[in-house]
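Reader: I would like a close look at a single part of this model, taken slowly and with the terms spelled out.

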Amino acid sequence: MEQHVLIVVEGPEKGRRYPLEGLICTLGRAADNTIVLDSPRVSRHHAQIRLLPGEAVIEDLGSTNGTWVNAQRLMGPHTLTPGDLIRLADYVTLEYVLEDSGATETVLAGVPEGTQVMAGEPFEPVSPPEFEASQPYQPAPEIAPYASEPVEPAAAPGMAAPEVVTPEPPSPPKERPSWLYIVVGVLAVLICLCLALAVYLWFAPASFWEKVFQLLGIPLPSGLLLDSHLWFA
């Protein structure tokens, strides 16, 4: 099984190996990248490598200082081949390689000839002992379902069953008749009119009272007319 690996050939930590795992591996300065390169010359998310069946494709992520493969700046996606040199800005150069992880050898492969290997007895699972019930199985009594209506309690022998008193629902509040509000409104209007009339009569001029007394045919008292003139003087 082949494994994609990036090896630092130039820059800090020369010789360090970065195995690539997953479908997308990102390179950059931010801590959430697959390969973190701590340098201000490297963008936060500088480049990414997509691992496809049988190939790997590198792509620049709009970095400030650019990504180069074999001394050529990337202008779009590029399929890598083993031995390609990837340079991020002028900070680090990595080599792309494919390594064969190899198959794990068995233990018996290193045993010299003539050595006898003792085989253990085959394992046979032990069945659990059968349980012998001393009494026949009796199913549990069924539980009556919950009843929405109240159930009268059973009375003891020789006693009458107690009566179940159902509480009566509270009666809704009585609404006042609408004519009561109409009467109150009419009374309030009449009181306001009477107050307004009293205020007007109190401050009415003497000419108004002369006309009233003439209309009623009553002589106007001289003292009242004098008081009115003095009041409005």
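How many bridges join strand β1 to strand β11, and do the two run parallel or antiparallel?

Author: This is a predicted model, in which local features need pLDDT of at least 70 and side-chain atom pairs count only at pLDDT 80 or more, while totals for chains, interfaces and linings use all residues. Residues are numbered from 1 along each chain as its sequence is written, and side-chain values use heavy atoms, with hydrogens and water left out.

Strand β1 (residues 2-10) is joined by 8 bridges to strand β11 (residues 92-100), and the two run antiparallel; strands here are DSSP runs of E with at least two residues, numbered from the N terminus, and two of them pair if DSSP finds at least two bridges between them. Within this pairing, V8 has L94 of β11 as its bridge partner.

β1 also pairs with strand β2 (residues 17-19), again in the antiparallel sense, over 3 bridges, and here V5 has P19 of β2 as its bridge partner. The hairpin of β1 and β2 has 6 residues between the strands, and in this hairpin G11 takes a positive phi near 110 degrees.

Conventions: Helix = DSSP H or I, 4+ residues; strand = E, 2+ residues; numbered from the N terminus.
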